[in-house]
Amino acid sequence: YGLDVTGYYFPFSGTGNFVWKNDQSRISIIDHWRPFVGLAFAQRQFLGSGFAGFGGILGVERPLWQTQSLTLKAAYRALSGNGGVSLTELDLMLGFSLSFDGFY
């Protein structure tokens with residue numbers, strides 16, 4: 001267990017879909033692939049020792065429909081503890097996202 005704080009940046013697109021609508025029409029612009037990078041801070045408790053450190057994240061988001069998308073990301077964290085002990089984490093994650101923006 002521990003604290004995780006992560007920030008993401010989408011360098012080639014926005015974080016969501018662009019939707020414009022009025023009474024007669026609706027326009028949606030959806031990027032097919034949205035790569036992103038991230039910076040993370042993490043704290044862990046492991047075998048009675050505390051660890052803290054920073055890491056990086058690379059990922060891509062693929063919209064499936066207007067309100068759903070798949071996300072694949074890899075996260076690497078290098079954590080340091082007391083007495084020169086270090087801990088590294090490598091996470092590979094596949095997720096399904098549901099956006100509530102598209103419901104109206």
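**Overall picture**

Modeller: Of the 104 residues in the chain, 23% are buried. Keep in mind that this is a predicted model.

Colleague: OK. How many helices and strands are there?

Modeller: The chain has 0 helices and 7 strands. Going along the sequence, the pattern reads β-β-β-β-β-β-β.

Colleague: And what radius of gyration does the chain have, next to a compact globule of 104 residues?

Modeller: The chain comes out at 18 Å, while a compact globule of that length would sit near 13 Å. The C-alpha trace spans about 65 × 25 × 20 Å along its principal axes.

Colleague: What about contacts, how many join residues at least 24 apart?

Modeller: Taking contacts between residues at least 6 apart in sequence, 52% join residues at least 24 apart.

Colleague: Let's switch to charges. How many salt bridges do you count?

Modeller: The count is 5 salt bridges. One of them pairs E61 with R34, with the closest N and O atoms 2.6 Å apart. E61 lies in strand 5 and R34 in strand 4, so this pair ties together parts that are 27 residues apart in sequence.

Colleague: Is R34 buried or exposed?

Modeller: R34 counts as buried because its relative accessibility is 4%, and the cut-off for buried is under 20%.

Colleague: Where does strand 4 run, while we're on R34?

Modeller: Strand 4 covers residues 34-46, and R34 is in it.

Colleague: Fine. What does R44 form a salt bridge with?

Modeller: R44 forms one with E89, and the closest N and O atoms there are 2.9 Å apart. That pair links distant parts of the chain, since R44 is in strand 4 and E89 in strand 7, 45 residues apart. Both R44 and E89 are buried.

Colleague: How accessible are E89 and R77?

Modeller: E89 has a relative accessible area of 17%, so it is buried. R77 is buried as well, at 7%.

Colleague: And which residues are linked in a network of salt bridges?

Modeller: The network links D4, R44, R77, E89 and D91. As a general point, side chains of opposite charge can pair when their charged atoms come close.

Colleague: D4 reminds me of something. How far is G48 from D4?

Modeller: G48 and D4 are 44 residues apart in sequence and 18 Å apart in space, C-alpha to C-alpha. G48 is in the loop between strand 4 and strand 5.

Colleague: Is G48 buried or exposed?

Modeller: Exposed: its relative accessible area is 78%, and the cut-off for exposed is over 50%.

Colleague: New topic, then. Which residues make the nonpolar surface patch?

Modeller: The patch is made by L64, W65, L70, L72, L94, F96, L98 and F100, and its area is about 890 Å².

Colleague: Which strands supply at least two residues of the nonpolar patch?

Modeller: Strand 6 (68-81) and strand 7 (86-98) each do. Strand 7 gives the largest share, 3 residues.

Colleague: Where is L64 in all this?

Modeller: L64 is in the loop between strand 5 (49-63) and strand 6.

Colleague: And how exposed is L64?

Modeller: L64 is partly exposed, at 35% relative accessible area. Patch residues need over 30% relative accessible area, so the 35% of L64 clears that cut-off.

Colleague: Great, that covers what I wanted to ask.

Methods. Residues numbered from 1 in each chain as written. Predicted model: local features only at pLDDT ≥ 70, side-chain atom pairs only at ≥ 80, totals over all residues. Heavy atoms only, no water. Patch = residues over 30% accessible without salt bridge, like charges linked within 9 Å, V, L, I, M, F, W, Y side chains within 5 Å. Areas by Shrake-Rupley, 256 points an atom, 1.4 Å probe, with all protein chains shown as cover. Salt bridge = Lys/Arg side-chain N within 4 Å of Asp/Glu carboxyl O. Helix = DSSP H or I, 4+ residues; strand = E, 2+ residues; numbered from the N terminus. Buried < 20%, exposed > 50% of the residue type's maximum accessible area, 1.4 Å probe, protein only. Rg over C-alpha atoms; globule rule 2.2 N^0.38 Å. Contact = heavy atoms within 4.5 Å.
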